[in-house]
Amino acid sequence: MVPFFNNNKEQLQLDKNNIPKHIAIIMDGNGRWAAKRALPKKAGHRAGAKTLENISQAAINLGIEHLTVYAFSTENWKRSEEEVKGIMDLLREYLKTYIDRAKKDNVRVHIIGDITRLDKDIQQQIVELEGLTKDKTGMNLHIALNYGGRDELLRAIRKVSQDVVKGKYKAEEIGEKELEQYLDTKEIPDPELLIRTSGEERISNFLLWQIAYSELSFSEKLWPDFTEYDLQQAIYQYQNRERRFGGRK
């Protein structure tokens, strides 16, 4: 057991042999965090980006192998033009920072989602960053950009249908393992734990296929206020649940 302490010196015991290999996070609440402080939404997103840096390091410290974060969904284009532009400008800064740090950090960065709708310069940054980090052996950070679970499944079905037409498969040969090879997350283990911040308790079109048997943890904290100890609490909840995968013990 590994002891952790929050700011009030409250102790939390985690089983280091039962740390999830893959955690997914819906980083919700940036806008409300800014509104509570009478700040522009961009300030909330900037604070959220700083929290992502802190939580990524916390995940590395805990030995988590895969961290997948919901950064921008296919539905987020419905937000105001000003907010979307602010998010994209911040994304450019964030990607540049990761590119600059890629030589010293041992983190592999992987983008999931349909990046073709993003501006060309952002697409180029993504390609550069993935290329620079593809051989890293540390934690895998998967960032969902212009991502939606339904969109991912539709794209996968279109691709597998094309391969059926080409004769690569017969329709009856397509099973779960075959379809998974067409998903954005191919060769990535499914998340054992999904965390959502801000008090909302819904999935919001995130990793619909992959979280079929994930444990869910909902935090009242707005994402910029989410801390390493909050991450540890979610893992503690996970460790104290019985995972049956539809069966009985």
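Is Asn-205 buried or exposed in this structure? Asn-205 is buried, since its relative accessible area is 15%, where buried stands for under 20% relative accessible area, exposed for over 50% and partly exposed for what lies in between, with a 1.4 Å probe and protein chains only. The model is a predicted one, in which local features need pLDDT of at least 70 and side-chain atom pairs count only at pLDDT 80 or more, while totals for chains, interfaces and linings use all residues. Residues are numbered from 1 along each chain as its sequence is written, and side-chain values use heavy atoms, with hydrogens and water left out.

**The largest pocket**

- The largest pocket has a volume of about 730 Å³; a pocket here is an open set of points on a 1 Å grid over the protein atoms alone, with protein on both sides within 12 Å along at least five of seven lines, and its volume is the space filled by probe spheres set on the points.
- Its lining consists of 32 residues, of which Met-27, Tyr-70, Ala-71, Phe-72 and Asn-76 lie nearest the centre, and a lining residue is one with an atom within 4 Å of a point.
- The elements that give two or more residues to this lining are α1 (30-36), α2 (41-62), β4 (66-73), α3 (81-101) and β6 (140-147), where helices (H or I, at least four residues) and strands (E, at least two) are DSSP runs numbered from the N terminus.
- The largest share of the lining, seven residues, is supplied by α3.
- Sorted by class, the lining holds 17 nonpolar, eight polar and seven charged residues, with Gly counted as polar, and with Asp, Glu, Lys and Arg as the charged ones.

**The second largest pocket and Asp-184**

- About 390 Å³ of space lies in the second largest pocket, which is lined by 19 residues, with His-110, Ile-111, Gly-113, Glu-130 and Asp-184 nearest its centre.
- Both β5 (108-112) and α4 (120-133) supply at least two residues of this lining, and the largest share, five residues, comes from β5.
- By class, this lining has seven nonpolar, five polar and seven charged residues.
- Asp-184 sits in the loop between α6 (176-180) and β7 (193-196), and Asp-184 is buried, with a relative accessible area of 15%.
- The side chains of Asp-184 and Arg-155 are joined by a polar contact of 2.7 Å, a term for a pair of N or O atoms within 3.5 Å, of which, within protein, one must be able to donate a hydrogen and the other to accept it.
- A polar atom of the Asp-184 side chain also lies 3.0 Å from the backbone nitrogen of Gly-113.

**Helix α2**

- The 22 residues of α2 should span 32 Å at 1.5 Å a residue, and its end C-alpha atoms are 31 Å apart, which agrees; the expected span is 1.5 Å times one less than the number of residues.
- Buried residues of α2 include Gly-44, Ala-47, Leu-52, Ile-55 and Leu-62, and just after α2, Gly-63 takes a positive phi of about 85 degrees.

- Most residues other than glycine have a negative phi.
- Asn-146, in strand β6, has a positive phi near 45 degrees, and Asn-146 counts as buried at 5% relative accessibility.
- Asn-205, in the loop between β7 and β8 (215-218), has a positive phi of about 65 degrees although it is not a glycine.

Terms used: 1 Å grid on protein atoms, 1.4 Å probe; cavity = no way out; pocket = protein on both sides within 12 Å on 5 of 7 lines; lining within 4 Å.
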